[in-house]
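Hi,

Here is the model I promised to pass on.

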Amino acid sequence: MMVYLKVQMARLLDRQKALELRTQGKSYSQIKSELGISKSTLSYWLRDYPLSPERIRELRDFNHQRIERYIETRRKTREARLKVIYDSEKKFIFPLSKRDLFIGGLFLYWGEGLKSVMTEVSLSNTDPAVIRFFIHWAKECLGVPSEKINLRLHLYDDMDIDAETNFWVETLKVSKSQFSKPYIKKSLHSGIAYNKGGFGHGTCNGRIYNARLSEKVVLGIKSI
């Protein structure tokens, strides 16, 4: 008898709590999540406590699953739109002639390369794609063999030096022998930019020791 009374009392307390939550504008799903009561039971208990049309609209508009579906739909729509633009631009730009490639490299070098001293062709960047292009440009347009392109990393002392070196070797598809000893800078504080975003693998410098090529590049930029 005592067990039965305890069960009934607990049931009564659950019903009172459900009514309180309903008067606060909670949905069946929200009440079920909080009390662990089945929707069928809640439907019976709360049949005389319908939500207002305004509250129903609020719950619908702020439903997490609905918001997630909306975000996913927007993402797919954006990706599809960008792919159309990408395919159109790729079709317009390619194929590149050797002259096109050479001029493209000059503009890159104009922004990122060493121009103050005409004794070497040198360019640094944190983006591996930029360094890959520089190497490709040097080989295809300047006639420089891959092994003549010297590489050096600028890293921080709290980075994994071997892992970062291997990353650049694999990403650039070059020989590890092309890398000279990295320049290691002391990290003054944790949470520095490379840990929070960006490319996160330090800076890579590509260098070709050839004064005549440097003159060709710098004066090519000057002619532009």
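Below is what I found, going from the whole chain down to single residues.

First, the ground rules. This is a predicted model, so local features need pLDDT of at least 70 and side-chain atom pairs count only at pLDDT 80 or more, while totals for chains, interfaces and linings use all residues. Residues are numbered from 1 along each chain as its sequence is written, and side-chain values use heavy atoms, with hydrogens and water left out.

**Overall picture**

The chain has 10 helices and 4 strands; these are DSSP runs (H or I of at least four residues for helices, E of at least two for strands), numbered from the N terminus. Following the sequence, you get α-α-α-α-α-α-β-α-β-α-β-α-β-α.

The C-alpha trace spans about 100 × 45 × 25 Å along its principal axes. The radius of gyration is 32 Å, whereas a compact globule of 224 residues would have one near 17 Å. That radius is taken over C-alpha atoms, and the globule rule is 2.2 Å times the number of residues to the power 0.38.

Of the 224 residues, 28% count as buried (buried is under 20% relative accessible area, exposed is over 50%, and partly exposed is in between, with a 1.4 Å probe and protein chains only). The accessible surface comes to about 15500 Å², with 56% of it belonging to carbon and sulfur atoms; areas come from the Shrake-Rupley method with a 1.4 Å probe, and for residues only the protein chains shown count as cover.

For contacts (heavy atoms within 4.5 Å) between residues at least 6 apart in sequence, 72% join residues at least 24 apart. On charges, the mean positions of the 39 positive and 25 negative ones are 3 Å apart. Lys and Arg count as positive and Asp and Glu as negative, without His or the chain ends, and each charge is placed at NZ of Lys, CZ of Arg, CG of Asp or CD of Glu.

**The cores**

In soluble globular proteins, nonpolar side chains tend to be buried together. By nonpolar core I mean a set of buried Ala, Val, Leu, Ile, Met, Phe, Trp, Tyr and Cys residues joined through side-chain atoms within 4.5 Å. The largest one here has 30 residues, and W137, L151, L172 and F179 have the most contacts inside it. At least two residues each come from α6 (98–112), β1 (121–125), α7 (128–141), β2 (150–156), α8 (161–172), β4 (203–208) and α10. Helix α7 gives the largest share, 7 residues. Apart from this core lies another, of 7 residues, including A18, I31, I37 and W45.

What does W137 touch? Not counting residues up to four places away in sequence, W137 meets L101, F102, G105, L106, Y109, L142 and V217.

I135 lies in helix α7 and is buried, at 7% relative accessible area. Beyond four places in sequence, I135 touches I149, L151, L172 and V174. Its C-alpha is 15 Å from that of L153, 18 residues apart along the chain.

**Helix α10**

S214 is found in α10 (residues 211–223). S214 counts as buried because its relative accessibility is 1%. Its contacts, leaving aside neighbours within four places in sequence, are V117, M118, T119, E120 and V121.

V218 is also found in helix α10 and is buried, with a relative accessible area of 14%. V218 touches K115 and M118, again not counting residues up to four places away. V218 and Y109 are 109 residues apart in sequence but 8.6 Å apart in space, C-alpha to C-alpha.

Most residues other than glycine have a negative phi, and most peptide bonds are trans. Two spots to check against that:

- A cis peptide bond joins F94 and P95, with omega about 5°; P95 is in the loop between α5 (64–93) and α6.
- K173 is not a glycine, yet its phi is positive, about 60°. K173 lies in the loop between α8 and β3 (183–185) and is exposed, at 70% relative accessible area.

Outside four places in sequence, Q178 touches S146, E147, I149, N150 and L151.

Cheers
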